[in-house]
Amino acid sequence: APRTVPWDFSSCTIRPMIAYLLYNRQTPGEGQMQTLAQRLEPEQVDTELVDADSPRGIQLAEHYDVLARPAIILAREDGSLVQVWDDPEQLPPPGDISYLAHQ
């Protein structure tokens, strides 16, 4: 039987996915990811900028098997992977990320 979950109206939009933006500090990728985070804001995509060398960055890279930087990891709230982009030459436009994030 389907579970009923009480709705929490404290936030006006439901954002079941998050885009982790992985970068190395003091590289062009850092600026790329910061710009991308700003461009995803109006698309209502939750983002988290993550330094690849931080414990969080290392954990994410290992968990999702991401080798290159910068990288974008789009995951559901439960941690299941939706998409990884880790080719710095082929990073997707914000609209593509937004489209997948709202599926």
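This report describes the fold, the sheet, the helices and the side-chain contacts of a predicted model.

## Basis of the model

The structure is a predicted model, in which local features need pLDDT of at least 70 and side-chain atom pairs count only at pLDDT 80 or more, while totals for chains, interfaces and linings use all residues. Residues are numbered from 1 along each chain as its sequence is written, and side-chain values use heavy atoms, with hydrogens and water left out.

## Overall fold

Three helices and four strands make up the secondary structure of the chain. Helices (H or I, at least four residues) and strands (E, at least two) are DSSP runs, numbered from the N terminus. Read from the N terminus, the order of elements is β-α-β-α-β-β-α.

Of the 103 residues in the chain, 34% are buried. Here buried means under 20% relative accessible area, exposed means over 50%, and partly exposed lies in between (1.4 Å probe, protein chains only). The chain exposes about 6,800 Å², and 49% of this comes from carbon and sulfur atoms. Accessible areas come from the Shrake-Rupley method with a 1.4 Å probe; for residues, only the protein chains shown count as cover. Among contacts with a separation of 6 or more, 59% are between residues 24 or more positions apart. A contact means heavy atoms within 4.5 Å.

## The sheet

The four strands form an open sheet with mixed pairing, in the order E2-E1-E3-E4. Strand E2 (46–51) and E4 are the edge strands, each pairing on one side only. On average, neighbouring strands of this sheet are turned by 15 degrees against each other, direction ignored. Two strands pair if DSSP finds at least two bridges between them. Axes are lines fitted to C-alpha atoms, for helices over the stretch in contact, and angles run from 0 to 180 degrees between N-to-C directions.

E1 and E2 pair in parallel over six bridges, and Tyr20 stands opposite Glu48 in E2. E1 and E3 run antiparallel and are joined by six bridges; the bridge partner of Ala19 in E3 is Leu74. Leu74 in turn has Gln83 as its bridge partner in E4, where E3 and E4 pair antiparallel over four bridges. Four residues lie between the strands in the hairpin of E3 and E4, and in this hairpin Gly79 takes a positive phi near 95 degrees. Five of the six residues of E3 are buried, so this strand is largely enclosed by the rest of the structure.

## Helices H1 and H2

H1 lies across E1, E2 and E3, and runs at about 160 degrees to E1. Helix H2 (residues 55–64) packs on the sheet and touches E1, E2, E3 and E4; its direction makes about 110 degrees with that of E2.

The buried residues of H2 are Gly57, Leu60, Ala61 and Tyr64. Viewed down the axis of H2, they fall within an arc of 95 degrees, so they line one face of the helix. The arc is that of the directions from the helix axis to the C-beta atoms. The cover over these buried residues includes E1, E2, E3 and E4. The face of H2 turned away from its buried side carries the exposed residues Pro55, Glu62 and His63. After H2 comes Asp65, with a positive phi near 55 degrees.

## Helix H3

Pro94, Ile97, Ser98 and Ala101 are the buried residues of helix H3 (residues 94–101). They cover an arc of only 100 degrees around the axis, which puts them on the same side of H3. They pack against strand E1 (17–23), helix H1 (28–40), strand E3 (71–76) and strand E4 (81–85).

Ser98, in helix H3, counts as buried at 8% relative accessibility. Its contacts, leaving aside neighbours within four places in sequence, are with Glu43 and Val45.

## Salt bridge

A salt bridge is a side-chain nitrogen of Lys or Arg within 4 Å of a carboxyl oxygen of Asp or Glu, and by this rule the count is one. Arg56 forms a salt bridge with Glu48, with the closest N and O atoms 3.2 Å apart. Both residues are partly exposed: Arg56 has a relative accessible area of 32% and Glu48 one of 27%. Glu48 also stands opposite Tyr20 in the pairing described above.
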